[in-house]
Amino acid sequence: MANYISIDVGAESGRVSLISFRDEKIYLREIYRFPTGGTFLPVNGREAFVWNIVRFLDEILNGLKMSKNFGEINSIGIDTWGLDFALLDRTGMLISLPYHYRDLRTEGMMEYAFKRVGKKYIYENTGIQFMQINTLYQLLSMVVNNSPLLKIAETFLMIPDLFNYWLTGVKVCEFTDATTTQFYNPFKKYWSIELLEKLNIPTKIFPEIVGPGTILGDLRESVSNRIGYNVKVIATTSHDTASAVAAVPAANKNFAYISSGTWSLVGVEVDKPIVNELSFKYNFTNEGGYNYTYRFLKNVSGLWLIQELRREWYIDNRIISYPEIVKIAAEKRGFQYFIDPDYKEFIFLSNLKMSERIIRYCKETGQKSPKNLGEIARTIFESLAFKYRWVIEKIEKIIGRRIDTIHIVGGGSKNTLLNQLTSDITRKTVIAGPSEATTIGNAVVQMISMNEIGDLKKARKIISNSFKLQKYTPIVDENIVEEAYTKWLEKTGIKVF
């Protein structure tokens, strides 16, 4: 039996898992889980939203220490969310806690960048969709505000690269995560130096970019002493969505995927980036995938809305569980209220509860107000499925072919209501699972690098045979769906084409 450690650090929690490979099957065991989330830190009259990344490192090392009880480990790999970064000084010391992408310091930065260099110039040189939370605008806010941190910064690392550095001492950026920054040029296959220079962002801080599956080397001696063993560290597909897509159990290329979690990443896998008038018009992104493929996709706000709604939802003096939310929402009447899950007021932190924000949105768009949290949850699930349909319709138009099957992977693949709504509203077959796709994809990339599995095609077949998948087909009358989709477009103001 071959054993690999997959470390997946997400916006809500981190997991250290053992992935074993035996008799052409993959087996997964979660060893250690810890909470993540952002934290507020007083800075110059306001509260900055940051990641307590040092605590996360301690938690990872705790998980690795526990892993030695499960036999010999071949390698470990780390993936995290994208966009956020850390800065090191010339001694290799972390300068400050990394900001959370939902921190408000990026307000107005996209517009500032457009005035300086032009919106189309940025897209043509990066192929990345425009979001206020992008790394480019985080760095630009530091330039505009004359941050002293940039003056002493020697090295820029994305979050998974920071963990890899702490474990191995190697300072590099991995391809799949580097592409999310909106200053990686997919045509020159390097940082977009000209763009950075035009925005006065110092370019000397950016290190070498390595491909997914690069073996970085052994653990630092101090780390191996602390956890009780030594092992190789691999720069896996270190962006969590890239790992999740690597684990999509597809038999051919004619599929779309939805990596469903805090965000819903809706897209297709392509060999080369797609940067043209239509992709620019509809604000699609080209993020790196395994073997230098690209994930042509769009970010949809995802289950973040449900996570926020859950904060205010109690049953018998306890916070409601996610399965309970799904059950209650499934019992509510469908297609009564309509929202755009990507509406700006839903994305960022707010003093208003999520329920209050959604009720206000409905009132402002000429709708009646949802009467309870169950109806609001149902509205979120339905509106996510409508947005998935809209995105997939645009993808089909841009790539010039019809998509038959949608693979839903990640934690959201366990949401039976959302899966069925996705099939009903898109009129496509949905295959849900595996729910731990990110952890599995992280591990199979390691396995390929260690010559355990031949290639990704073989890995996907093994994944399909190793985990239970659930198939969904449309059950709601198409005429009812079309009428509801038309109302959703009308109330949200989203254009068909």
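Which elements each supply at least two residues of the lining of the largest pocket? They are β2 (13-22), α10 (240-246), β15 (255-260), β17 (285-288), α12 (304-310), α13 (322-330) and α18 (437-449). The model is predicted, so local features need pLDDT of at least 70 and side-chain atom pairs count only at pLDDT 80 or more, while totals for chains, interfaces and linings use all residues. Residues are numbered from 1 along each chain as its sequence is written, and side-chain values use heavy atoms, with hydrogens and water left out.

**Terms**

- A pocket is an open set of points on a 1 Å grid over the protein atoms alone, where a 1.4 Å probe fits, with protein on both sides within 12 Å along at least five of seven lines; lining residues have an atom within 4 Å of a point.
- Grid points are joined across faces, edges and corners, and a volume is the space filled by probe spheres set on the points.
- Helices (H or I, at least four residues) and strands (E, at least two) are DSSP runs numbered from the N terminus.
- Two strands pair if DSSP finds at least two bridges between them.

**Largest pocket**

- The volume of the largest pocket is about 1100 Å³.
- Its lining has 48 residues, and the closest to the centre are Ser 260, Gly 261, Thr 262, Gln 307 and Gly 411.
- Helix α13 gives the largest share of this lining, four residues.
- By class, the lining holds 18 nonpolar, 22 polar and eight charged residues (nonpolar: Ala, Val, Leu, Ile, Met, Phe, Trp, Tyr, Cys and Pro; charged: Asp, Glu, Lys and Arg; polar: the others, Gly among them).

**Second largest pocket**

- The second largest pocket has a volume of about 680 Å³.
- Of its 30 lining residues, Phe 49, Trp 304, Glu 308, Arg 311 and Leu 349 lie nearest the centre.
- Two or more residues of this lining come from each of β4 (38-43), β5 (46-51), α12 and α15 (354-364).
- The lining comprises twelve nonpolar, seven polar and eleven charged residues.

**Hairpin of β4 and β5**

- Six bridges join β4 and β5 in the antiparallel sense, and Val 43 has Arg 46 in β5 as its bridge partner.
- Two residues lie between the strands of this hairpin, where Asn 44 takes a positive phi near 45°.

**Seven-stranded sheet**

- The strands of an open sheet with mixed pairing follow the order β17-β18-β16-β15-β21-β22-β23.
- Strands β17 and β23 (470-472) are the edges, each pairing on one side only.
- β21 (residues 405-409) and β22 (residues 429-432) run parallel and share four bridges; Ile 406 has Val 430 in β22 as its bridge partner.
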